[in-house]
Amino acid sequence: MSVTVAPPMTMAEKLMARAAGVDRVAPGELVDCALDGVMVFESFVDSNERLVEAGMPGGIQRLWDPDRVYAMLEHVQPPTSLRAAERAQRLRRLAERLGITHFHNTTSGICHQMMVDHGYVGPGQLVVGSDSHACIYGALNCAGTGIGELDVLYAVTSGELWFMVPEAIRLELTGEAPAWPVAKDVMLHLAGRFGEDFALYRSIEVGGAGVASLSMDARFTIADHGVEVGAKFALFEADETTYDFLRTRVAEEVLDGYRPVAPDAEAHYEQVIEVDLSTLPPQVAVPHEFDAVFPVGEVVGKRIDQAMIGSCANGRFEDIQIAARVLEGRRVDPRVRLLVSPASNDVYRQCIESGVATTLLDAGAQLLDPGCELCLGLRGYLAPGEVALTSTTRNYRGRLGSAEAEIYLANPATVAWSAVNGAISDPREALC
Amino acid sequence: MLSRRMTGRIVRIPGNDVSTDVIAPTFWVHRGRGEHDLATLRPHAFESLRPGLDEHMRPGDIVVAGRNFGAGSHREEAVRILQVWGVQAIIAESAARIYFRNAIAAGLPLIQVENALELFDDGDEAEIDIDAWTVVNRRTGARRTVQPYPPTILRILEAGGIAPLVRDRGLAAGDGTRAMPVRY
């Protein structure tokens, strides 16, 4: 009798196989997977509405597991219109009617940051969310990915969802991370080099000696931007940094229950990409595509009207702290509006308690409350012809108000230093 | 619900990486006054890429697009607005992952065809055959074979999308039982 040896697997394959309850899966295969969690926000009322329209007047009557559907008011919180207020009211009522255990009514923050702040996401899990940046959970070795409100409807009522097993791309990071938040630059660089759909349907699997020098905040940035290059997942292995982060958020027994995955040594990658963290210069994406990317040196001097730091991509404490370091003892150019929105209440508190908030205010920054609005184009609109440099997620045409505005993307140190100079500038002048 | 054979006028959306911010700009999505009101968005959908599209669209149209169509945010309005116009299918060179899922979940077939933009001019008549898995340009006679949908995706489309599927399987019903074996 011959013994069958399981073929080597990527992290995505292991996570998909486990969730599907099978020994192995292959790229291209469709599998039904059991979910560990579902994140929803205001748009959950649309999931319910679609079911009403389909002929169930009462809408959703029961959830697969009220403990594992995480609901929060955050995309437009507090409401900025009557419509938003009504949607918030409907979500509150829906959450109460369905007995959702983890419902965040008031403490604000970007949904994904809330999910990790509150310890709702852990290694080895499969968690979906009704927002494209749910791939951020990959930073914690969790297969996270974004879905729409209709898939949410299936997910919250059945606890399962169909997936296609993805091919994997290995991102091999070498060298030590520099003094500026290089994570943004890594993803912009990849988009510029390979195109913004190079990882379409793929799992980006991050490894290499350089990973150890990346903080949790930096890993969140990389995983978050997975979707900007098309990826389904953007996965890191769980290491000491991961567990140090989780330990402050969940009980010991929860920590012990995690089942992290690591790739097999012989796992198959469609492509292996190496990036040296120590030599990568700051990058800037120019309008209107995420893959229209240049080293900062090629765009210095471009006048800006608005500088923005925030979002699930780069609105965490380290992002704001580095901006404060750049701004310390300096003033934002009076022609520039510098808007800073911490990713969550936890991050907000860190900014206040560390003194970072005061530094920002002294420099002339405007500190906004936490939330998605800055990145989503719900606050800080741009008029026709205006130019913004932002550390948020996207520079697509029309995202921040006028379709005739120009949006440039960069890391938060580049944004802060450019705000001081009134024009795009190289942050290494301030930090090195 | 799924039409096995679809013919329709081609509406061409040029370029690659057409994002959901272009298809359904945030400002106009959030301006919508009521739940069912995509009317506010409608005149502004695709505005920066193809102004006046709302007047051009007719029920039964088939949209053809380039690579990575629907990149970016998960907003379902970017699919639903096409359904408001009566679009019966999308042919794209490739689609962003979430956009593809959203289209299928809404019961809108999205067929991926290499070099689709080269296959059609605006106003051509296209024919999509779901049994033969072919896409044909009726004007030029050009024909492409496409990758058949896996059974899961076909079942969702045949049900008319996820909402009818959830209804039919009693997944959201309040009788306290997990009514159906949960397989698509």
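Analyst: Start with the hairpin of S6(B) and S7(B), where five residues lie between the strands and B:Gly141 takes a positive phi near 80°. Helices and strands here are DSSP runs numbered from the N terminus, with at least four residues (H or I) for a helix and at least two (E) for a strand. This is a predicted model, in which local features need pLDDT of at least 70 and side-chain atom pairs count only at pLDDT 80 or more, while totals for chains, interfaces and linings use all residues. Residues are numbered from 1 along each chain as written, chains are lettered from A and ligands numbered from 1 in written order, and side-chain values use heavy atoms, without hydrogens and water.

S6(B) and S7(B) run antiparallel, joined by three bridges. Two strands pair if DSSP finds at least two bridges between them. B:Thr134 stands opposite B:Thr145 in S7(B).

B:Thr134 also has B:Asp129 opposite it. That contact belongs to the pairing of S5(B) with S6(B), antiparallel over four bridges. These two strands form a hairpin as well, with four residues between them. In its turn, B:Trp133 has a positive phi of about 55°.

Now the faces of S6(B). In a regular strand the side chains alternate between the two faces of the sheet. In S6(B), B:Thr134 and B:Val136 are on one side, B:Val135 and B:Asn137 on the other. All four are buried, and both faces are covered. Buried means under 20% relative accessible area, exposed over 50%, and partly exposed in between (1.4 Å probe, protein chains only).

The side chains of B:Arg139 and B:Asp121 meet in a salt bridge, 3.2 Å from N to O. B:Arg139 sits in the loop between strand S6 (134-137) and strand S7 (143-145), and B:Asp121 in the loop between helix H6 (116-119) and strand S5 (125-129), so the pair links distant parts of chain B, 18 residues apart. A salt bridge needs a side-chain nitrogen of Lys or Arg within 4 Å of a carboxyl oxygen of Asp or Glu. B:Arg139 counts as exposed because its relative accessibility is 52%. B:Asp121 has 43%, so it is partly exposed. Salt bridges that share partners also join B:Arg5, B:Glu125, B:Glu127, B:Asp129 and B:Arg138 into one network. Over all chains, the count comes to 34 salt bridges.

Elsewhere in chain B, B:Arg42 and B:Asp54 form a salt bridge, their closest N and O atoms 2.7 Å apart. B:Arg42 lies in the loop between helix H2 (26-31) and helix H3 (53-56), and B:Asp54 in helix H3, so the pair ties together parts twelve residues apart in sequence. B:Arg42 is partly exposed at 28%, and B:Asp54 is buried at 17%.

A:Arg50 is buried at 7%, whereas A:Glu53 is partly exposed at 43%.

Chain A also has an open sheet of five strands with parallel pairing, in the order S4-S3-S2-S5-S6. Strand S4 (103-104) and strand S6 (143-146) stand at the edges with a single partner strand each, so one side of each lacks a neighbour in the sheet. Strand S2 (37-40) and strand S3 (69-72) of chain A are joined by three bridges. A:Met39 has A:Tyr70 as its bridge partner in S3(A).
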